[in-house]
Amino acid sequence: MILSDCFEVNEAGHLTVGGCDTVELARAYGTPLYVMDENAVRRNCGLYRDALRECTGGRGMALYASKAFCCKEVCRIAAEEGMGLDVVSGGEIATARAAGFPAERVFFHGNNKTRAEIDLALEYGVGRFVADNLEELGRLQRAAQEKGTVARVLLRVKPGVEAHTHAFIKTGQIDSKFGFALSTGEAREAAERALSLPNVELMGLHCHIGSQIFEIAPFLLAAERLLGLRKEIYRETGRSLPEMNLGGGYGIRYVEGDDPIPYGKELHVVAETVARRCAEDGMETPFLYLEPGRSIVGDAGLTLYEVGSVKTIPGVRSYVAVDGGMTDNPRYALYQAAYTAVVANKAAGPADFCATLAGKCCESGDLLQESAWIQKPEEGDLLAVLCTGAYNYSMASNYNRIPRPAVVMVRDGRARVIVRRETYEDLLRCDC
Ligand SMILES: *Cc1c(COP(=O)(O)O)cnc(C)c1O
């Protein structure tokens, strides 16, 4: 097992995923190739679903944040596993709809929803809008009124907790483009405004404090702050908001040193804290939502590349160039995201070669990883970058007119294409 139990090494010394030999997958489907283990995606959904059901007595639901990887098949799987779905654009709404995702379990996020997107969402019948600003509340009111309907809304609040990986800070944190600030009174005023709108029904408060978080403390602090605001709103308006959404951000293991939260256990702490605090305040415990994205699909996926050249610059470093790069995985170029790489056809060998993994784009910053320890590669070898299930396909581009790779879903040794590889015709489709 490497990093997660999706990835193993077989007797041939080849890396496997979901029981499939990666060398055979590359031969059958070509490279670069995204591969996802369906059992892992379903298991991750189940972890949240079951833990939330248990610790809230059925008054909780996990929503899959589809921006991590949005395609029809993953939406279908999330639906089958009893998840809700977060969407942030008309395109994600169209995908959910095409997948037949139950509209009432869809939550529409985003800091600048256009009127056209709001109309699309109302027509589809999404369950909740997570409203970001006063202008949007106005837009929701007008759109819902014109359609003779009511938009059910959560308010996105900046609770003054910001967390990434091992560090979190408690601040006023009003410098963010997302949501209403709690510390300035803006969030409370927004709640009053929402409560005054006839075609808007205020259901609760929402926050999302960061991503790739390894601690439970910032979630607890954010929950406490939202509950404080909820109580204030109750005191001033007599309305006890029935729902609360604590966002996503649970971290996964990209490299050996990463130590993710055991969600199942820790969610109990969050739910208990919420319930206890509500009891102390004499208020009803709200229905609880969480929105994991990365931790649903991230560790279920890997990307396969063919090695093209190995350039050793004496005393400097060795570049290993592959047939993909920042177009299929921009995360290292964007923020030096850490990944584990393996020469998949030599996975049983020692990882004693230090390499900079480079893509094929016309950018010096087109790197997948620096100082990665891998098996010594040569032309024609297969390089696997692990845990690319989240924020890879969904962030991919056609820079340099490079077609996006296919996505193959594997399960118990069987493989099927869930997103086909782009062709040159696809690239030319919109050119006039
Ligand atoms: C990105 C995002 C998520 C998911 O975050 P992960 O780190 O992938 O779990 C959830 N909710 C909101 C509002 C987001 O923007």
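**View 1. Lining of the second largest pocket.** The second largest pocket is lined by Met1, Leu3, Ser4, Asp5, Arg43, Asn44, Leu47, Ile252, Arg253, Pro260, Tyr263 and Asp299, in a model that is predicted, where local features need pLDDT of at least 70, side-chain atom pairs count only at pLDDT 80 or more, and totals for chains, interfaces and linings use all residues. Residues are numbered from 1 along each chain as its sequence is written, and side-chain values use heavy atoms, with hydrogens and water left out. A pocket is an open set of points on a 1 Å grid over the protein atoms alone, with protein on both sides within 12 Å along at least five of seven lines, whereas a cavity is a set of points where a 1.4 Å probe fits but cannot get out; lining residues have an atom within 4 Å of a point. The volume of this second largest pocket is about 270 Å³, a volume being the space filled by probe spheres set on the grid points, which are joined across faces, edges and corners. Helix H2 (residues 38–56) gives the largest share of its lining, 3 residues; helices (H or I, at least four residues) and strands (E, at least two) are DSSP runs, numbered from the N terminus. By class, the lining has 6 nonpolar, 2 polar and 4 charged residues, where Ala, Val, Leu, Ile, Met, Phe, Trp, Tyr, Cys and Pro count as nonpolar, Asp, Glu, Lys and Arg as charged, and the others, Gly among them, as polar.

**View 2. The largest pocket and its lining.** The largest pocket has a volume of about 1,000 Å³. Of the 41 residues that line it, Lys67, Phe178, His208, Gly210 and Ser211 are the closest to its centre. At least two lining residues come from each of strand E6 (84–87), strand E9 (151–158), strand E10 (161–165), strand E14 (210–213) and helix H11 (331–335), and E10 supplies the largest share, 4 residues. The lining of the largest pocket divides into 14 nonpolar, 17 polar and 10 charged residues.

View 3. The space taken by the ligand is the largest pocket, a molecule being placed in a pocket or cavity if more than half of its atoms lie within 2 Å of the grid points. Of the 15 residues around the ligand, Lys67, Ser211, Glu291, Arg294 and Tyr391 come nearest, where a residue is near a molecule if one of its heavy atoms lies within 4 Å of it. The residues of this shell comprise 3 nonpolar, 7 polar and 5 charged. A polar side-chain atom of Lys67 lies 2.6 Å from an oxygen atom of the ligand, and a polar side-chain atom of Glu291 is 2.6 Å from a nitrogen atom of the ligand. An N or O atom in the side chain of His208 is 3.5 Å from a nitrogen atom of the ligand. The protein covers 92% of the 390 Å² of accessible area that the ligand has on its own, with areas from the Shrake-Rupley method and a 1.4 Å probe.

View 4. A search of the whole structure finds 1 cavity of 30 Å³ or more, and the largest cavity has a volume of about 50 Å³. Its lining residues are Tyr34, Val35, Met36, Phe69, Gly301, Leu302, Thr388, Gly389, Asn392, Tyr393 and Val407. By class, the lining of the largest cavity has 7 nonpolar, 4 polar and no charged residues.

**View 5. Two backbone details.** The peptide bond from Thr31 to Pro32 is cis, with omega near -10°, and Pro32 lies in the loop between helix H1 (22–29) and E4. Ser371, placed in strand E21 (residues 367–374), has a phi near 50°, a positive value in a residue other than glycine.

Methods: Polar contact = N/O pair within 3.5 Å; in protein donor to acceptor, adjacent residues only side chain to side chain.
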